[in-house]
Amino acid sequence: MSTAIVQRIVYGLLLLIAVITLNFLLIQLAPGDVVDVLLTEAGGGDPAVAAQIRAAYGLDQPVYVQLLTYLAKMLTGDLGYSYYFDEPVLSLLLDALPATVMLVLSALLLAMVIGTLLGVIAALRPQGLSSHIVTVLSLLGYATPVFWLGMMVLLLFSQYLPWFPAFGMRTIPMPETPLARALDVLHHMVLPTFTLSILYLASYSRLSRASMLDVLGSDYIRTARSKGLAEYVVIFKHALKNAALPIVTIAGLQVGSVFSGAVLVETVFSLPGVGPLLYESILRRDYPVMLGVLFGAAVTTVVANIITDLVYRVLDPRIRGIS
Amino acid sequence: MNTGAGDRPVLEVDGLSVDFTVRKRQVRILSDVGFSIGRGETLGIIGESGCGKSMTALSLMGMVPSPPGRISAGRILLNGEDLCAASESRMRAIRGRNISMIFQEPMTSLNPVYTVGNQIAETIRRHKGLSGADALAEAVDLLRLVHIPAPDKRVSAYPHELSGGMRQRVMIAMALACEPDVLIADEPTTALDVTVQAQIFDLLREIQDARGTAIVLITHDFGAVSEMADRVIVMYAGHKIEEGSLDEVSDDARHPYTQGLLRCMPEIRARARERRQPLPEIPGVVPDLLKGLTGCPFASRCPSAMDRCRELPPSFALAPQRAVKCWLADASAAPGEQPA
Amino acid sequence: MSEAQEPTVPPVRFDDPADVPEVRWRVTAAMFYGNKAAVLGIAVLAAILLVGLFGPLLLQADPFAIVGAPLTAPGELRPLGTDYLGRDVLAGMIHGTRPTLIVALSATAFTVVIGLSVGAVAGFYGGRIDNLLMRITEFFQVLPPLVFAMVIVAIMGAHFMTVIIAIGVTTWTNLARLTRAEFLKIKEREFVLADRAIGVRDSRLILRVLLPNALPPLIIAVTLQTGLTIIYEAALSFLGLTDPDIMTWGKMIGLSRDFFFDAWWSVTFPGLAILLTTLCIALIGDGLNDAFNPRLRGR
């Protein structure tokens, strides 16, 4: 079991090296290089100075040397320097990424738990009201743009009904006690988390309904009933754990998509995550930050995939191999 | 083997009928089925797929899928208690304790995400109220009882780590956990290799001898019946068409369907195989119950069909526990009304 | 589909006669048209397409033109109001229909081409090619699609074509996996083995034998992908990563982003247009799903 995890982590690292290589290629694709951007920002400069800076950055070296240097730098945590923010990209990322990861995780967990429960309830009455709710919800969840939903939620619950703050992650000035501060952050995070999770909740409820219907028709459920077990034991012990397997798989595959949604939600709600950072860096053509965010996003999905793998292993003994 | 011949039967089924609602129409899946089993006795129920034998088993367990199904008539007496009248919670207390069942597919009948020990102990905890550790210890004993090697290790194995035969042994251990009065075995060996089949039958017989469990063996295979059963009932299209002891049915079948069934069994007609005759088959197909049959359900395939077969024959009792549902057995019939 | 002129032996089939493709497709079509929600979806989508085709002719207005006071609420003259610069929201929506649909359809087409090719080649050849292509697919799945697309558009410049490329490059993986899975299933079927045995060329096997048999799930997936692409393009436009000369629904929302508390109509209506369009596509997708898999109805 542990070798499988080590393999999985090594594979994740290889994927990240591939992402760094991609980043490097993207820099090569960009019209002009860092130096051009720097000089343009500085209002132009003479070619001799440009050549000097290029040499300092190693840009006069052959491409493969540049790639290796770049890889080495990235892997040692040197993600470059943002000329616009005037700060190392790594520290920018470390400031922004936790908020985003928190949003992604809480939205995904909320969606999985509530979506699965809703799906289970619906599966117990395949033609009942809850099933219709799941169907309608999943259609709307598929069809609604998350950033627009965020705006609608703001109009409704922040403007029309002023229940929740519209922007940011905390009230300024910050409340005194740690508890009040935590509650304040929570208050700010309700709408963004709800916005992001509701769409995935919809799709998980449908998935879990289908998966549950599948499982409820299986032979081992009949066996469980033949043992005289109470119906809730049959549903929550025997059926749910099996029905959860495809949901865990899909959730793992969707981390990237949820991350994308988080970028949009952060932009709408002005949360201090990677969304606004990415947006700003694109406006300023700040390539190191842009690519740093892409790298940070890739790290997040790789880690999330490894975690999903572990969860799946815990749930499904067949994957674990013969013990 | 028939230890309890004089006693009251453990299980008595009388006039059992099951209806299904299919596209808003009532279809009778099981019609007026009756039989009884004594302690330590094995009753074989034989028939083609779709003849109602599995539905009979589910009725005994109180597990007829509902909707669309429903027991519409009859009584199922287990030690004198009518299961058809029992509440669902009473039925849950009986299921797995007084009457239990093993299924055809050992590969899929165990929950893949729990250890076999957990799944056996679960039944013990449910019905005997034992603690987790005690129940697990009993699970080990049960695995030993069904001859699973290294039971103290296998108790923490997952189903996928066991072979099909081993899994069926686990199913048997689970079914026997509370020493039930009646064990229903629905095609217990169909999915297994021939050698493993024989081992499973040996095991069932051994346990029956030791505990006096009554076994209802449901199968489409006359070989299995002749190996295991004391008495046999033959089912066709939801009807019990013939009943008798194993010898009576195999040597002196009265119903044309039973006769046809026996002709299809190479083991029974060894000489036919020596002459390298092709296996005969019964012409035609099982009738579609949706079409609302009147009369004898076998008439359309029957070589001896006659006018009278448009009317459903009653079950003619030839002797105690010996009956045939066919007009040919009607002693009062005029000699002129013999097969056309 | 026109039969090829090449003198090959007609493909041998050992299918059940009831499984003749023509019959199956006719049954599927009948089931689909029996589905009220799906037919409604088709009807509304057709209306939206008509607006996209003929709307600009009937309502000849420049969606970028300032026609009234900024932030005018919906009223008689401006049924859906004006945005923060005084541009007419209704005119923007009608003129935005065609570009929105064109970008979405082209990007979906690009996605489908990449996804089907990768999946088909991986599933058909298997072995090392499959392994390599699946590793590449996994690599792309590690990159959050929108973030990746934003970077691509930012680096390559915001043009019609780069938006399409960015969407295609970042969304093909699901289709590739699905196609591969279908191909793996179908390539073991008797009629494919028979065609292989008589030496039918690979390209012909893929395009004429495997692909048609893999179509039902792929049609559903492509339908649903189209809806996702509309939303995806809207997200990029919302972030300003779109061709500056094109008005799309997503861009209307993005332009009014900072003013929507003062003018709810400027973001609500374009969003509803997106929602309605994708909802129709979802209904059609559901209808197709039920029609292709009648036994799984309602799942």
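Because the model is predicted, local features need a pLDDT of at least 70 and side-chain atom pairs count only at pLDDT 80 or more, whereas totals for chains, interfaces and linings use all residues. Residues are numbered from 1 along each chain as its sequence is written, and chains are lettered from A, with ligands numbered from 1, in the order in which they are written.

**Chains B and C**
- Chain B has 12 helices and 12 strands, while chain C has 11 helices and zero strands; here helices (H or I, at least four residues) and strands (E, at least two) are DSSP runs, numbered from the N terminus.
- Buried residues make up 46% of the 340 residues in chain B, and 46% of the 299 residues of chain C count as buried as well; a residue is buried if 20 or more other C-beta atoms, placed from the backbone, lie within 10 Å of its own.
- Among contacts between residues at least 6 apart in sequence, 63% in chain B join residues at least 24 apart, and in chain C the corresponding share is 71%; two residues are in contact if their C-beta atoms, placed from the backbone, lie within 7 Å.
- Along its principal axes, the C-alpha trace of chain C spans about 75 × 45 × 40 Å.

**How the chains meet**
- The contact between chains A and B takes 20 residues from chain A and 26 residues from chain B; on the side of chain A, the elements giving two or more residues are α9 (219-226), α10 (231-269) and α13 (317-320), and α9(A) gives the most, with seven residues.

**Helix α5 of chain C**
- In α5(C), 11 of the 12 residues are buried, so this helix is largely enclosed by the rest of the structure.
- The buried residues of α5(C) pack against α1 (2-29), α10, α11 (274-283) and α12 (287-315) of chain A, together with α6 (160-171) and α9 (202-238) of chain C.
- One of these buried residues is C:Met150, which, leaving aside its neighbours within four places in sequence, is in contact with A:Leu278, A:Ile282, C:Leu239 and C:Leu241.
- Just after α5(C), C:Gly157 takes a positive phi of about 95°.

**Helix α1 of chain A**
- At 1.5 Å a residue, the 28 residues of α1(A) should span 40 Å, and its end C-alpha atoms are 41 Å apart, which agrees; the expected span is 1.5 Å times one less than the number of residues.
- The buried residues of α1(A) are A:Leu15, A:Val19, A:Ile20, A:Leu22, A:Asn23 and A:Ile27, and what covers them includes α4 (63-75) and α12 of chain A together with α4 (127-142) of chain C.
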